[in-house]
Protein chains: 2
Amino acid sequence: MSKEITSRSADYSQWYNDLVIKGGLADYSAVRGCMVIKPYGYTLWENMRDALDKMFKDTGHVNAYFPLFVPKSLFEAEEKNAEGFAKECAIVTHYRLKADPNKKGALMVDPEAKLEEELIVRPTSEAIIWNTYKNWIQSYRDLPILINQWANVVRWEMRTRLFLRTAEFLWQEGHTAHATSQEAIAEAEQMLHVYADFVENWMALPVVKGIKSESERFAGAVETYCIEALMQDGKALQAGTSHFLGQNFAKAFDVKFSDSQNKLEYVWATSWGVSTRLIGALVMAHSDDEGLILPPKIAPFQVVIVPIYKGEESKAAIDAKATALMAELKAAGVRVKYDNNDHTRPGWKFAEHEMKGVPVRVALGARDLENNVVELARRDTREKKTVSLDGLGNHIVNLLTEIQQAIFEKALKFRNDNITKVNSWEEFQQVLNDKGGFISAHWDGTAETEEKIKDATKATIRCIPLEGDKEEGVCVFSGKPSKQRVFFAQAY
Amino acid sequence: MSKEITSRSADYSQWYNDLVIKGGLADYSAVRGCMVIKPYGYTLWENMRDALDKMFKDTGHVNAYFPLFVPKSLFEAEEKNAEGFAKECAIVTHYRLKADPNKKGALMVDPEAKLEEELIVRPTSEAIIWNTYKNWIQSYRDLPILINQWANVVRWEMRTRLFLRTAEFLWQEGHTAHATSQEAIAEAEQMLHVYADFVENWMALPVVKGIKSESERFAGAVETYCIEALMQDGKALQAGTSHFLGQNFAKAFDVKFSDSQNKLEYVWATSWGVSTRLIGALVMAHSDDEGLILPPKIAPFQVVIVPIYKGEESKAAIDAKATALMAELKAAGVRVKYDNNDHTRPGWKFAEHEMKGVPVRVALGARDLENNVVELARRDTREKKTVSLDGLGNHIVNLLTEIQQAIFEKALKFRNDNITKVNSWEEFQQVLNDKGGFISAHWDGTAETEEKIKDATKATIRCIPLEGDKEEGVCVFSGKPSKQRVFFAQAY
């Protein structure tokens with residue numbers, strides 16, 4: 001089975017698609033650019049969602065749900081935001097089909113059922129939400145509003161890729177309202193740290209925290225904070241963003257509050273989101289030519305037990321031992337599957353579970369049982385070893401922690417090895433061509449230089465890092481003064 | 001605050017709207033027929049969803065996610081299903097907006113960005129899912145497929161009501177595929193029982209399980225199973241449906257499997273769903289003129305503690321005691337809130353929590369503390385009593401169970417009191433006018449009679465009950481022979 005996966009070296013892009021499809025995460029659909037998230041991929045998403053949701057609630061947020069549709073007049077209210085999404089949105093214009101008189105059994109749009117005002121399928125929900133907040137906010141006592149929404153959104157992208165860029169995707173979008181600028185900025189920064197915490201500690205994927213240059217900012221934001229991760233091919237991937245929106249949406253939707261001195265002020269806003277795109281990042285960052293490698297903390301199954309039967313007699317004994325081990329692991333909170341179907345052979349199962357990235361495989365055979373041992377295989381390193389059945393549950397629990405850590409450390413080393421400081425334009429181009437990764441370089445702070453570098457190399461400023469030294473220097477491209485190094489990379 | 005609620009006797013319909021809006025469950029939105037589910041309402045939905053989701057998983061189902069859009073050609077493939085939903089669907093026809101040359105700052109649909117094929121915003125997902133299953137099913141080994149989806153759907157209803165009938169709503173839709181008719185029927189019946197179990201044991205709302213008459217069947221189903229609940233105004237509400245779809249969708253989408261004898265057969269299907277409509281049922285069934293009454297098992301907060309301060313000194317002591325009680329209740333798995341904001345008075349808080357249906361209120365004052373007691377108020381009966389602080393946590397846990405049961409018993413008594421057997425057309429009309437509720441009557445089994453009764457009385461056959469005696473008789477309307485009584489009612 002694993003032979004069907006294209007290798008990374010042969011075709012990185014095809015390798016990625018193979019993993020997503022053959023690993024059972026997602027499938028193409030009949031709708032252009034929309035994917036089907038298969039049960040295995042959706043379970044992964046549920047695990048990610050549940051962990052994030054808890055982090056949001058622990059930081060005082062609550063969930064709510066706002067309409068899928070945005071009337072055009074609201075959509076266009078915040079001009080920059082509208083401009084940013086107008087070119088790629090799905091638009092509902094009619095509300096009824098009727099029988100097609102020219103084609104038996106077929107339906108056609110009923111021209112008489114045209115909406116008075118078109119509805120945009122939300123590409124993001126600032127407009128519909130701020131139009132609602134207007135009714136909820138009168139006084140400073142109504143603030144802050146700390147709401148998150150789990151939802152589907154649609155952006156009519158022309159070039160799509162499973163998980164990484166799809167016309168419809170699932171995400172969460174936080175939309176908060178505050179009495180002061182400082183409080184809103186603190187919220188935007190807090191959520192950036194929550195995202196970094198989640199991506200690093202659950203997805204085992206190290207990130208660089210930073211802010212976006214003006215040209216990469218979210219449409220309608222005053223400041224966009226982001227976390228950037230590095231993929232195995234040396235390209236960067238934006239894993240999450242948190243926006244300080246200033247009073248832009250409050251002004252567009254006329255949302256004011258009376259402060260404790262009874263003075264009317266516009267409300268301050270943030271929004272922040274991560275999406276199913278994270279699954280694409282996960283796949284690209286950790287997996288190998290045999291299949292997916294999933295961090296134990298979010299893997300749908302953390303352990304799979306494969307029985308190796310020789311005849312009916314050994315079957316009963318193995319089943320009994322497997323059942324006991326399952327119970328022990330489940331009691332310890334481990335997600336475990338017993339793969340005892342009898343129409344595929346153990347070798348096929350091994351390959352299947354490697355493909356699917358199950359962190360730990362336990363093989364349980366008749367001879368093993370006699371010797372009171374099992375064969376444990378860890379997916380990340382593909383190491384196998386024979387381990388005593390005594391204390392096995394505990395051993396596995398510890399191993400899962402070790403694997404989680406090892407996957408992170410490996411990705412961290414890769415990431416750190418692929419941050420290269422360059423001090424000249426020649427060096428910049430050379431590193432980008434030969435090595436890729438993040439290029440730490442001085443930039444003069446102008447959109448003009450940024451644009452020229454992008455045109456010449458396809459590399460963009462991924463972020464202006466929040467952490468690290470702030471040494472001054474000169475721009476690698478223009479030679480003009482620079483206040484600090486920024487991270488360039490080609491990106492997904 | 002409670003004075004703002006219209007009473008049931010004055011205007012039942014307005015009473016319902018008041019509860020939804022003032023209880024903080026939902027709000028109107030700028031989009032025709034779409035609502036905003038507010039945090040309090042959404043938390044209620046999360047509690048319901050989590051309980052249901054666990055029941056689905058415990059019966060072997062997994063979640064997945066399918067596209068929001070259905071291409072028109074797929075939508076029309078299953079003719080009856082298409083016909084059922086064609087008249088009320090949102091249709092995406094374009095994928096881009098552009099600047100309106102006639103109006104500065106405004107956007108217009110770009111006529112050049114017209115889709116080749118229109119997309120229907122899913123009103124239900126049989127079509128898109130069965131078009132996908134086609135690629136997943138080859139052999140009997142691929143069956144059964146037991147998938148559920150949590151999603152938003154859109155039905156362009158002309159007359160909408162918060163939760164009960166909205167253009168967009170949230171729901172779950174199970175879509176299963178089976179090798180045999182028997183297995184599919186067993187699945188449809190199993191899910192009916194799961195729904196009944198959930199609605200009765202979590203929502204405290206008794207239901208009648210039955211099957212729909214042909215004219216009330218889901219478009220495209222061979223058999224529709226349903227659970228029907230009774231509201232306080234004597235109208236019925238369909239709380240959930242489970243459909244045996246036969247091979248209709250398999251035939252429409254050409255989904256065949258080779259059985260163990262290598263013979264090609266069409267796949268058998270079910271689908272089943274419940275939606276945010278259940279929240280409407282919950283509100284209408286249990287609440288009173290003071291506000292919502294929520295069953296403890298799904299209430300966002302089960303207990304609220306209200307401190308009654310007299311000066312700073314008592315505040316510290318009360319806070320300390322409240323904090324200890326919170327910890328004790330949380331440890332027992334109780335969802336508890338300490339309402340210690342200092343800008344509203346206790347009386348206002350009492351009314352607010354009554355409005356919101358918090359099952360148990362604990363009032364904690366300085367004098368109470370001296371006497372080592374608190375005042376407990378239960379929302380369902382509005383009884384208050386003074387209870388010792390010793391063992392209070394345990395007392396409250398038991399009280400919550402008692403309240404859950406009491407709410408169910410009350411609704412059950414009401415429901416049973418409002419099932420009336422009638423044996424003549426006069427009696428039928430009289431009971432419907434004077435009393436409402438379920439009318440248990442003989443029906444001749446024809447759509448014609450059903451239609452005539454509906455035209456005359458607005459009462460429809462809610463279901464042909466699965467349980468109870470199957471006595472024969474004569475149709476109350478036509479006098480023709482009848483095999484069993486069915487339940488008529490006016491319905492939401």
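Which residue of chain B comes closest to the rotation axis? Among the residues of chain B, that place belongs to B:Val92, whose C-alpha lies at 2.1 Å from the axis. The legends below describe close-up views of a predicted model.

**Figure 1. The two chains are related by a rotation.** Chain B is superposed on chain A by a rotation of 180° with 0.0 Å of shift along the axis, and the RMSD is 0.0 Å. The relation is therefore that of a two-fold axis. Both copies use the same surface, since 100% of the contact residues of chain B recur in chain A.

**Figure 2. The contact between chain A and chain B.** Chain B contributes 57 residues to the contact, and chain A contributes 57 residues. On the side of chain B that touches chain A, 34 residues are nonpolar, 10 are polar and 13 are charged.

**Figure 3. Strand E5 of chain A meets strand E5 of chain B.** In each chain, strand E5 comprises residues 91-94. The two strands run antiparallel and are joined by three bridges. Within this pairing, A:Ile91 stands opposite B:His94 of E5(B). In general, strands of a sheet pair through backbone hydrogen bonds, in either a parallel or an antiparallel sense.

**Figure 4. An open sheet of 11 strands in chain A.** The strands follow the order E3-E9-E10-E16-E13-E12-E11-E24-E27-E23-E22, and their pairing is mixed. Strand E3 (62-63) and strand E22 (419-421) are the edge strands, each of which pairs on one side only. Within the sheet, strand E10 (residues 168-178) and strand E16 (residues 268-275) of chain A pair in the antiparallel sense over eight bridges. One position in this pairing is A:Ala177, whose bridge partner in E16(A) is A:Ala269.

**Figure 5. Helices H5 and H6 against the sheet of chain A.** Helix H5 (residues 126-136) of chain A packs on the sheet and touches strand E9 (145-154), E10 and E16. The direction of helix H5 makes about 30° with that of E10(A). Helix H6 (residues 181-201) of chain A lies across E10, strand E11 (208-211), strand E12 (223-230), strand E13 (236-246) and E16.

**Figure 6. The crossing of helices H9 and H12 in chain A.** The axes of helix H9 (residues 311-331) and helix H12 (residues 392-417) come within 9 Å and cross at roughly 50°. H9(A) and H12(A) are therefore oblique to each other, and their crossing is right-handed. From H9(A), the residues A:Leu325, A:Glu328 and A:Leu329 meet A:Leu392, A:Gly393 and A:Ile396 of H12(A). The residues of this contact comprise four nonpolar, one polar and one charged.

**Figure 7. A cis peptide bond in each chain.** In chain A, the peptide bond from A:Leu143 to A:Pro144 is cis, with omega near -5°. A:Pro144 is located in the loop between H5 and E9 of chain A. In chain B, B:Leu143 and B:Pro144 are joined by a cis peptide bond with an omega of about -5°. B:Pro144 is located in the loop between helix H5 (126-136) and strand E9 (145-154) of chain B.

**Figure 8. A positive phi at A:Arg382.** Although A:Arg382 is not a glycine, this residue has a positive phi of about 60°. A:Arg382 is found in the loop that lies between strand E20 (373-378) and strand E21 (384-388) of chain A.

Technical notes. Residues are numbered from 1 along each chain as its sequence is written. Chains are lettered from A and ligands numbered from 1 in the order in which they are written. This is a predicted model: local features need pLDDT of at least 70, side-chain atom pairs count only at pLDDT 80 or more; totals for chains, interfaces and linings use all residues. Axes are lines fitted to C-alpha atoms, for helices over the stretch in contact, and angles run from 0 to 180 degrees between N-to-C directions. Helices (H or I, at least four residues) and strands (E, at least two) are DSSP runs, numbered from the N terminus. Angles under 35 degrees count as roughly parallel, over 145 as roughly antiparallel, 65 to 115 as roughly perpendicular and the rest as oblique. A crossing is left-handed if the near helix is turned anticlockwise from the far one by less than a right angle, and right-handed if clockwise. Two residues are in contact if their C-beta atoms, placed from the backbone, lie within 7 Å. Ala, Val, Leu, Ile, Met, Phe, Trp, Tyr, Cys and Pro count as nonpolar, Asp, Glu, Lys and Arg as charged, and the others, Gly among them, as polar. Two strands pair if DSSP finds at least two bridges between them. Copies are superposed by least squares on the C-alpha atoms of residues with pLDDT of at least 70 in both.
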